[in-house]
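I opened this entry to look up the ligand site and the pockets. My notes follow in the order I checked things.

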Amino acid sequence: MTDLSGRHGVVVGIANKRSIAWSIAQAAANAGARLALTYQDVRLEENVQELAALTRNPLVLPCDVSHDDQLDRLFERIDREFGGLDFVVHGAAFAPKAELTAPFAQTSREGFRITLDVSAYSLIAMARRAQPLMARQGGGSIVTLTFLGSERVFPNYNVMGVAKAALEASVRYLAYDLGRDNIRVNAISAGPIRTLAATGISGFSEILKIHRDRAPLRRNIDAVEVADTAMFLIGPDSRGVTGEILHVDAGFHAVGI
Ligand code: NAD
């Protein structure tokens with residue numbers, strides 16, 4: 001098991017107990033890490049506070065990733081409290097509902113902007129702020145969450161697929177930039193899991209069913225499996241891995257038909 005005692009991390013993207021980011025936070029806390037957990041806005045504050053109370057001595061802070069001033073405050077606070085940072089878990093994504101129901105060709109300029117800003121640019125914004133804190137520790141690990149909709153068409157995933165493609169390209173460019181400070185940047189491409197974000201995608205039950213039927217392992221995956229892989233990417237066993245998109249999808253990505 002990965003040992004993260006004495007390590008500090010920040011986890012962005014917890015909405016409730018079904019959030020993939022929460023499974024990763026739990027695994028990291030169980031491995032001994034001290035965590036900063038963020039909530040997007042007051043609507044989610046109570047949920048995150050309740051979950052955070054299950055971890056040891058957490059920092060719970062607001063952060064809407066589309067606001068630079070909130071990101072600045074988050075990393076200033078982490079710097080003050082932790083004196084450095086070892087890992088970042090980025091699990092924030094958003095697309096306006098209309099963009100996930102109308103045909104892709106109807107994607108609005110504003111819907112495109114918001115989706116790419118929250119779901120892809122935010123990784124760059126976080127990585128830039130994490131870099132000096134991680135460099136001071138001699139390195140670090142940044143992990144984000146993506147979906148196969150970046151590589152193939154999933155009906156209704158639409159502009160989120162474009163955002164995930166941008167996110168995955170950003171993983172590679174960030175890995176190149178930050179590698180000189182021994183900071184690794186990787187993504188987990190997770191199979192479909194029923195979460196709050198997933199309920200926004202029309203036809204999600206059908207995606208789950210097809211995935212279960214066709215994946216080599218003949219099943220869906222769960223958030224704990226994603227968290228186990230995240231522990232590998234955060235911990236020392238993956239010290240030679242960066243710029244990688246690692247599929248945790250019961251092998252679905254490998255199947256043609
Ligand atoms: P979730 O709804 O639990 O998490 C999404 C999170 O994004 C929420 O916590 C929400 O508060 C946060 N968020 C949205 N806009 C934000 C903003 N402006 N600022 C800060 N936070 C913001 O759902 P999830 O499925 O756990 O999603 C986590 C990540 O996993 C997402 O990137 C999602 O695309 C990805 N993912 C999900 C699946 C799936 O099937 N559920 C599969 C592959 C990848």
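The model is a predicted one.

I then read off the size of the largest pocket, which has a volume of about 1,100 Å³. Its lining comprises 45 residues, and I noted Gly91, Ala92, Ala93, Phe94 and Ala197 as the closest to its centre. Several elements give two or more residues to this lining, among them α1 (20-30), β2 (34-39), α4 (109-135) and α7 (204-214). The most comes from α6, with 3 residues. I sorted the lining by class and got 30 nonpolar, 11 polar and 4 charged residues.

Next I turned to the ligand's own shell. I found 27 residues around the ligand, with Ser19, Ile20, Gln40, Ile193 and Thr195 the closest. Both β5 (140-146) and α6 (196-199) supply at least two residues of this shell. Its classes come to 18 nonpolar, 7 polar and 2 charged.

I checked backbone N or O atoms against the ligand. One of Gly13 lies 3.0 Å from a ligand oxygen atom. One of Val65 is 2.9 Å from a ligand nitrogen atom. For Ala197, I have 2.9 Å to an oxygen atom of the ligand. On its own the ligand has 810 Å² of accessible area, and the protein covers 94% of that.

Last, I looked at the second largest pocket, with a volume of about 320 Å³. It is lined by 16 residues, and Arg7, Gly140, Arg184, Ile234 and Pro236 lie nearest its centre. I logged this lining as 4 nonpolar, 7 polar and 5 charged residues.

Technical notes
Residues numbered from 1 in each chain as written. Predicted model: local features only at pLDDT ≥ 70, side-chain atom pairs only at ≥ 80, totals over all residues. Heavy atoms only, no water. Near = heavy atom within 4 Å. Polar contact = N/O pair within 3.5 Å; in protein donor to acceptor, adjacent residues only side chain to side chain. Areas by Shrake-Rupley, 256 points an atom, 1.4 Å probe, with all protein chains shown as cover. Helix = DSSP H or I, 4+ residues; strand = E, 2+ residues; numbered from the N terminus. Nonpolar A, V, L, I, M, F, W, Y, C, P; charged D, E, K, R; others polar. 1 Å grid on protein atoms, 1.4 Å probe; cavity = no way out; pocket = protein on both sides within 12 Å on 5 of 7 lines; lining within 4 Å. Points joined across faces, edges and corners; volume = space filled by probe spheres on them.
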